[in-house]
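User: Let's go through the side-chain contacts in this one. Can you take me through the ring pairs and then the charged pairs?

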Amino acid sequence: ISEASIVSQGFYGCSSLEELSLKISENTPFAGSEFQACTELTNLNIEGVIGVNKFDVHWSTKLTHDSLMLIVNALKDYSANASGTTHTVTLGATNLAKLTEAEKAIATQKGWTLA
């Protein structure tokens, strides 16, 4: 799915969606509800850079470890940013529990907060 499709359609309410490939840019505007009710989403392949807040997959508690690592690795590196801006990606407690402390540190070292 392309960036334009995410903005115009999202996946809100797609409760039977199990697999998705996204091609995004660091400026892809996420509203925070694109994956709301995507409770069966297991495989999420991210190609590109997540550069804005409001990327939220906490509803998708069945995401694989590999999918979560694709998200973490796709986060833009803000470690050199001195502006004090906070960047948050919301994975949810169930998904966070699938990651090791070292894997979570990849995100935090890039200047992101995991929620």
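**Ring pairs and salt bridges**

Analyst: Rings of Phe, Tyr and Trp (its six-membered ring) pair if their centres lie within 6.5 Å, and by that rule the count comes to three aromatic pairs. This is a predicted model, where local features need pLDDT of at least 70, side-chain atom pairs count only at pLDDT 80 or more, and totals for chains, interfaces and linings use all residues. Residues are numbered from 1 along each chain as its sequence is written, and side-chain values use heavy atoms, with hydrogens and water left out.

User: Is the pair of Tyr78 and Trp112 stacked, edge-to-face or tilted?

Analyst: Planes under 30 degrees apart count as stacked, over 60 as edge-to-face and the rest as tilted. Here the ring centres of Tyr78 and Trp112 are 5.9 Å apart and the planes sit at 55°, so the pair is tilted.

User: How many residues apart are Tyr78 and Trp112?

Analyst: Helices (H or I, at least four residues) and strands (E, at least two) are DSSP runs, numbered from the N terminus. Tyr78 sits in the loop between α2 (65-74) and β4 (87-90), while Trp112 is in strand β5 (residues 112-114). That pair links distant parts of the chain, 34 residues apart.

User: Are Tyr78 and Trp112 buried or exposed?

Analyst: Buried means under 20% relative accessible area, exposed over 50%, and partly exposed in between (1.4 Å probe, protein chains only). Tyr78 comes out at 15%, which is buried. Trp112 has 2%, so that residue is also buried.

User: On to the charges: how many salt bridges does the structure hold?

Analyst: A salt bridge needs a side-chain nitrogen of Lys or Arg within 4 Å of a carboxyl oxygen of Asp or Glu. By that test, the structure holds three.

User: How many residues apart in sequence are the parts tied together by Lys76 and Glu26?

Analyst: Their side chains meet in a salt bridge at 2.5 Å, N to O. Lys76 lies in the loop between α2 and β4 and Glu26 in the loop between β1 (19-23) and β2 (43-47), so the parts tied together are 50 residues apart.
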